[in-house]
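Me: I'm new to this structure and would like to learn how to read it. Could you walk me through a few features?

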Amino acid sequence: MSGDQVLISGEEVAKHNTRESCWIIVHGKVYDVTEFLPEHPGGMKIILKYAGKDATEEYDPIHPPDAITANLPPEKHLGAIDPGTVTQVVREITSAEVERQERHERKPPLDEILNLHDFEAIARAVMPEKGWAYYSSAADDEITHRENHLAYHRIWFRPRILRDVTAVDWSTTILGQKSSMPVYITATALGKLGHPDGELNLTRAAGKAGVIQMIPTLASCSFDELVDAALEGQTQFMQLYVNKDRAITKRIVQHAEKRGIKGLFITVDAPQLGRREKDMRMKFEDAGSAVQREAGEEVNKNEGAARAISSFIDPGLCWKDIPWFQSITKMPIILKGVQCWEDAVMAAEAGLQGVVLSNHGGRQLDFARSGIEILVEVVSALRERNLFPNPNFQLFVDGGVRRATDVLKAVALGATAVGIGRPFIYSYSAYGQDGVERAIRILNDEFEMNMRLIGAPTIKDVVPSMVDASSIGIHVSNVPEDRLYHANYESMQRSELRNGPLSKL
């Protein structure tokens, strides 16, 4: 009799609630995860919290559906739970959750959403707190997070006039693949924290619009699920966090290539995840598991969703690994997270196909410079070495983009395309796939208008002389305040007394 045909009682599962014998229920199936505990990327504590219980609700938002079956050998798949024997945990609907659901019902119709800032405002109002904290959080004091957007304000246009812009075309090619705009949907993790369909919202909307989606390693949906959802001929890239186990990494990369992925973006700015305090504070109410408390084990309440899923990432990744990656795949390889011209030059000289100038959305090192500022120095350094322009080595930027004008500034300064992340996850967190499609339409409308206004009939006509970036490195320059951005930005909390904020002395 196969494991799936065996019916196991809830009473039996409940007996296996210790580190020495740990069973959990996920989607009606019982698994023995005892030997897997030390290997779990998020640590064993979170699994022990659900030892002998149904872990589905906690599992779903932060795992692809096949994560448990792919990581456990068949003999650890014990069977199906007998549904009549399981005590259903009644989820308490708090007053805060009731209020959130009421706000969800009062969302404005999509035709009243006029820009990408609007999606952020609505998502903040209607998302569960943990999801919002994870998506919006950034490192330390979040200086870099804000700088990513504000840096674009130090670049001003120099429009050209009397050019025939009756028809304007902002389509382009990215790594040899056609794209309807110089934008790709960059990798963002844990999509189901915002919507039950997670990253599938992005896949489906991107296919309809001719926009390229980068599939994240830490997606809530499985890799194959996202590839299977793509339209015929739809281009997808893949973002890779490198596993300490290179055999696992090799299997992931070669499977991606076999499935038709057109570009491998290796994240290189995350040897350790930054401290994202908004996310971390969401764990303060978590008491941990009974078995931990009984054993007197200290429960680390300061992890947050980010660290709970990322301990597998290899901090030893270095330049000597690049030839190995080049030996295991023919996909274009791009380093994601380059932050200075020296490393961009090394990437070009190593025969890679490009770099993403990025600080991880401000989520890693606070006071790291914005991608758009790094772009200026990278282009200058590459030109000096006759490495730019070079169709075989492309430059990308991500972080802080909210308008098509931001994208056009990056293109003028030498970027092939720009990655947009948070605005797209906010759009589907608030409105599902329709929200992503609306966000893409908004960008299209902005591209059409602004290319006419700067005098550029095609993307190739968006050239360096159309912008003044002379103030890009002046971090104390005075520019007009972006009221929409600052209205959405949620200030960080400080610690408070239990009965209210600290009083002034």
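Reply: Happy to. Helices (H or I, at least four residues) and strands (E, at least two) are DSSP runs, numbered from the N terminus. Here the protein has 20 helices and 16 strands. One of the helices is α6, residues 116-126, and E120 lies in it.

Me: Before we go on, what kind of model is this, and how are residues numbered?

Reply: It's a predicted model: local features need pLDDT of at least 70, side-chain atom pairs count only at pLDDT 80 or more, and totals for chains, interfaces and linings use all residues. Residues are numbered from 1 along each chain as its sequence is written, and side-chain values use heavy atoms, with hydrogens and water left out.

Me: Is E120 buried or exposed?

Reply: Buried means under 20% relative accessible area, exposed over 50%, and partly exposed in between (1.4 Å probe, protein chains only). E120 has 8% relative accessibility, so it counts as buried. Across the protein, 53% of the 505 residues count as buried.

Me: Which other residues of α6 are buried?

Reply: Besides E120, the buried residues of α6 are L116, H117, D118, F119, I122, A123 and V126. That makes eight of its 11 residues, so α6 is largely enclosed by the rest of the structure.

Me: What covers the buried residues of α6?

Reply: Contact means heavy atoms within 4.5 Å. The cover includes α5 (95-105), α7 (129-136), α8 (143-150), α19 and α20 (483-488). As for E120, once neighbours within four places in sequence are left aside, its contacts are W132, R402, Y426 and N488.

Me: How do I read aromatic pairs, and how many are there?

Reply: Rings of Phe, Tyr and Trp (its six-membered ring) pair if their centres lie within 6.5 Å; planes under 30 degrees apart count as stacked, over 60 as edge-to-face and the rest as tilted. By this rule there are nine aromatic pairs. One of them joins F119 and Y431 edge-to-face, at 6.1 Å centre to centre with 80° between the planes. F119 is in helix α6 and Y431 in helix α19 (residues 422-454), so this pair ties together parts that are 312 residues apart in sequence. F119 counts as buried because its relative accessibility is 0%, and Y431 is buried too, at 13%.

Another pair, Y184 and F265, is tilted: 6.1 Å centre to centre, 40° between the planes. Y184 sits in strand β8 (residues 183-185) and F265 in strand β11 (residues 264-267), 81 residues apart. Ring pairs also link Y184, F237, F265 and F396 into a cluster.

Me: Which charged ends sit over rings?

Reply: A charge sits over a ring if NZ of Lys or CZ of Arg is within 6 Å of the ring centre and within 35 degrees of the ring normal. The charged end of K107 does this with Y431, 4.6 Å from the ring centre. R363 lies over the face of Y134, at 4.8 Å from the ring centre.

Me: And how is helix packing described?

Reply: Two packed helices are described by the angle between their axes and the distance between the axes. Axes are lines fitted to C-alpha atoms, for helices over the stretch in contact, and angles run from 0 to 180 degrees between N-to-C directions. Helix α16 (residues 341-349) packs against helix α17 (residues 371-384) at about 50°, with their axes 9 Å apart. The contact is made by W341, A344, V345 and A348 of α16 and E377, V378, A381 and L382 of α17.
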